[in-house]
Amino acid sequence: MKKQRILVVGNGMVGNKLIDNLIQADHHHIDIMAFSGEPRLAYDRVHLTSYLTGNHAQDLALVDADYYQQHQVHFSLNDKVTQIDPLAQTVTTESGRLESYDKLVLATGSYPFVPPISGNDQEHCHVYRTLEDLDAIKRSSQRSRASVVIGGGLLGLEAANAIQNLGLETHIVEFAPRLMAVQLDQEGGDLLRRKIEAMGVTVHTQKVTTEIVAGETLRYRMNFNDGSHLETDMIVFSAGIRPQDKLARAADIAVGERGGIEINQYCQTSHANIYAIGECALWQQQIFGLVAPGYQMAKVAAQHILSPEQTTPFTGADMSTKLKLLGVDVASIGEVHGKTEGTLSYTYKDDIEQVYKHLIVSSDKKKIVGVVLVGDTQAYSNLLQIRQNGMPLPNNPSVLILPNLVNDDSAAIGVEALPDKAIICSCFDVSKAAIKQAIISGCVNMADLKASTNASTGCGGCSALAKQVLDSELAKLGVEVNNHLCEHFAYSRQELSDLIRVQQIKTFEALLARYGNGHGCEVCKPTVGSILASFWNDYILQQEHLELQDTNDLYLGNMQKDGTYSVVPRIPAGEITPERLIVLGEVARDFNLYSKITGGQRIDLFGAQLNDLPAIWQRLVDAGFETGHAYGKSLRTVKSCVGSAWCRYGVQDSMEYAIDLENRYKGLRSPHKLKFAVSGCTRECAEAQSKDIGVIATDKGWNLFICGNGGMRPRHADLFATDLDTTTLIRYIDRLLMFYIRTADRLQRTSVWLENLDGGIDYLKDIIIDDKLGLGAELEQAMADSISKYQCEWKTTLESPEKRQRFQHFINSSERDDGVQFIEIRHQKSPAPKGNTLEIDKPVTA
């Protein structure tokens with residue numbers, strides 16, 4: 001029997017996926033030939049940026065020559081197909097090679113769109129598409145100081161991230177009024193911009209480049225149509241893609257009016273024995289620019305080539321995305337631009353934590369229409385599955401985007417509720433049923449599951465959900481489920497914490513080399529960073545710790561919604577001398593900062609630009625102030641009433657004791673922020689029973705309350721011990737805080753930690769008061785060690801010229817960011833409004 005000869009033009013991710021589908025189905029009765037225009041076989045373009053941050057070409061490779069040869073797949077590298085003859089059923093390559101086919105699959109992908117700008121073809125103007133492109137960018141970067149990425153979409157932000165990692169001053173120039181204009185609404189795009197600019201990348205929106213000419217201070221000058229300009233040494237075009245359909249056009253294969261090879265539901269072109277898949281294919285006037293739809297097309301085309309009558313047709317693809325861009329979590333689901341009539345909308349905003357969530361539902365509140373998540377994407381998998389599987393929404397859909405609803409089961413569907421048909425991994429079309437079958441066949445961990453099904457080996461966005469399904473199904477079978485932190489560490493957070501402490505490990509790299517694998521990820525890096533800071537209390541801006549920190553810690557300030565920062569010096573228990581009050585007033589006046597007395601009994605100064613932070617803090621440090629750690633997961637404040645020193649009802653000197661507590665624990669890093677309060681009598685003016693640590697005076701000593709908090713889900717603190725003397729109280733607090741630091745998950749408040757602690761408060765009393773495990777002395781010594789290493793992080797930073805250099809908007813200039821807009825309210829400046837904010841519990845018509 002003659003073998004069916006199949007030619008595949010293009011060996012990118014989608015072309016390789018088609019070949020793999022053919023191999024797995026029936027490679028004994030077919031003869032496969034692949035053509036690659038690049039000098040290598042298929043590699044992972046989704047993680048292309050990692051090539052500039054340490055990965056090698058072989059790390060990105062999806063296939064090697066041995067695999068193809070083992071399965072009798074012929075291939076030709078660096079030899080483009082230049083002509084198709086549909087009648088003769090042949091193709092001709094650049095080298096003159098002529099090959100015949102029975103079936104031809106065009107997986108030619110796309111090419112980067114370079115706007116028709118005068119001067120766009122100069123030496124240091126690049127595109128961002130292949131490994132060779134990245135090699136050229138890297139060479140240019142070694143002779144450049146500043147760079148510009150033209151394009152603020154997904155690819156543009158990826159390119160900007162890679163270029164900033166090369167150490168260049170980086171700008172993004174975008175034609176649209178916001179970043180990621182296709183995926184995000186205006187408010188989501190605005191927050192993304194603020195977060196990205198806080199990381200040192202300057203964003204220019206609504207800019208159209210008219211020409212690129214020689215610069216005066218840098219290599220090039222980009223002139224914009226509004227009369228402004230920008231100078232740079234290197235330009236990278238990442239302004240979108242265009243389908244690579246030149247071959248098809250020349251062969252009279254039907255293409256769309258705006259490009260793209262037209263295909264039917266079986267990925268056939270206008271010639272039945274020629275198929276098109278991936279970014280070159282046009283299905284119902286739509287080009288799919290993500291890898292997951294390309295993989296689906298590859299599966300359909302392979303099925304139709306081998307078994308036409310058994311093929312499941314291609315019916316479109318979900319374009320939802322979840323990714324991290326320049327360290328910012330971003331996700332988008334469905335239609336988010338108000339094109340669907342009669343929808344209702346819920347919005348959640350947290351300007352302190354820099355989180356924005358927008359949920360759009362149908363008029364009857366039964367279906368999800370669209371979702372935008374910026375800054376916190378934990379709800380993505382949950383929301384995507386609800387939408388894809390048509391699952392019912394809770395009575396109040398807003399709970400789906402509210403954070404930390406520990407006791408509200410309506411906010412989570414749980415993987416058990418997902419139907420077997422639910423697609424867990426869209427890149428490889430892996431359903432819940434397929435994962436269940438893989439587990440029955442022997443998969444017991446994520447490595448097994450990835451090898452068996454390919455789930456989470458594509459974009460990686462489904463990793464958390466795939467792990468949840470795996471754990472759930474293993475538990476049903478009575479298999480013990482591991483609690484590994486992530487794929488880079490086969491240990492839980494608790495186990496890593498113990499290893500770091502016992503083995504005296506001081507850096508992430510040392511931990512990774514000894515107990516992990518790979519390069520780390522957005523899960524393990526901040527988690528380990530938190531553990532290291534809590535145990536060793538090192539200066540967090542040491543070079544080896546930098547990549548583990550978030551934006552606030554990187555710049556030792558709490559970033560506000562307009563991209564400026566707050567300045568919050570420590571004022572223990574709210575006690576301050578007139579001289580220091582005058583200094584705060586002078587600093588606020590001289591730097592035009594908004595001033596507010598906070599609920600934590602200190603003064604916040606808002607609106608400081610990045611460039612001004614060192615100068616502001618120099619004056620404050622010189623006046624005797626220290627950082628208040630408002631930016632850190634650490635002790636914030638110890639609130640106090642005036643106590644017996646002034647109040648006729650006070651029975652203890654709460655002021656003195658609150659000051660002592662704040663000075664003792666200031667700078668202590670922990671899984672989440674900590675707030676204390678001390679009240680001088682049971683009238684409780686300091687509200688100690690709503691704090692992580694609350695102390696209330698009695699005529700016999702002090703009562704200790706623990707694990708309370710305010711916030712969205714307030715929790716009343718529990719009475720832990722009564723009538724304590726000062727020494728015993730300190731001992732209990734030392735033990736309690738260090739035990740919390742060792743055992744709590746990252747970003748877990750003490751209230752949630754206690755609720756999740758086996759044995760609850762009685763067990764905690766056994767540990768802390770009765771020393772049941774014999775840990776008391778060790779916990780006390782660990783606290784003493786941490787306290788002994790305290791330093792004012794701003795004072796340390798100001799002493800280093802190198803560290804001061806970080807606090808600039810522009811690497812080669814001390815200019816301020818003139819894009820920040822303010823208005824005057826009540827005789828002080830305030831951020832200019834960005835539009836209306838919707839109440840979370842009030843749906844409005846979109």
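A residue is called buried when its relative accessible area is under 20%, exposed when over 50% and partly exposed in between (1.4 Å probe, protein chains only). The model is predicted, so local features need pLDDT of at least 70 and side-chain atom pairs count only at pLDDT 80 or more, while totals for chains, interfaces and linings use all residues. Residues are numbered from 1 along each chain as its sequence is written, and side-chain values use heavy atoms, with hydrogens and water left out.

Strand β23 (residues 344-350) runs antiparallel to β24 and is joined to it by 7 bridges; two strands pair if DSSP finds at least two bridges between them. Tyr348 stands opposite Lys357. In the hairpin of β23 and β24, with 4 residues between the strands, Gln354 takes a positive phi near 60°. β24 also pairs in the antiparallel sense with β25 (residues 368-374), over 6 bridges, and His358 stands opposite Val372.

Leu359 is among the residues with the most contacts inside the largest nonpolar core, which has 95 residues. Such a core is a set of buried Ala, Val, Leu, Ile, Met, Phe, Trp, Tyr and Cys residues joined through side-chain atoms within 4.5 Å. A second, separate core of 62 residues includes Tyr515, Ala658, Leu736 and Ile768.

Terms used: Helix = DSSP H or I, 4+ residues; strand = E, 2+ residues; numbered from the N terminus.
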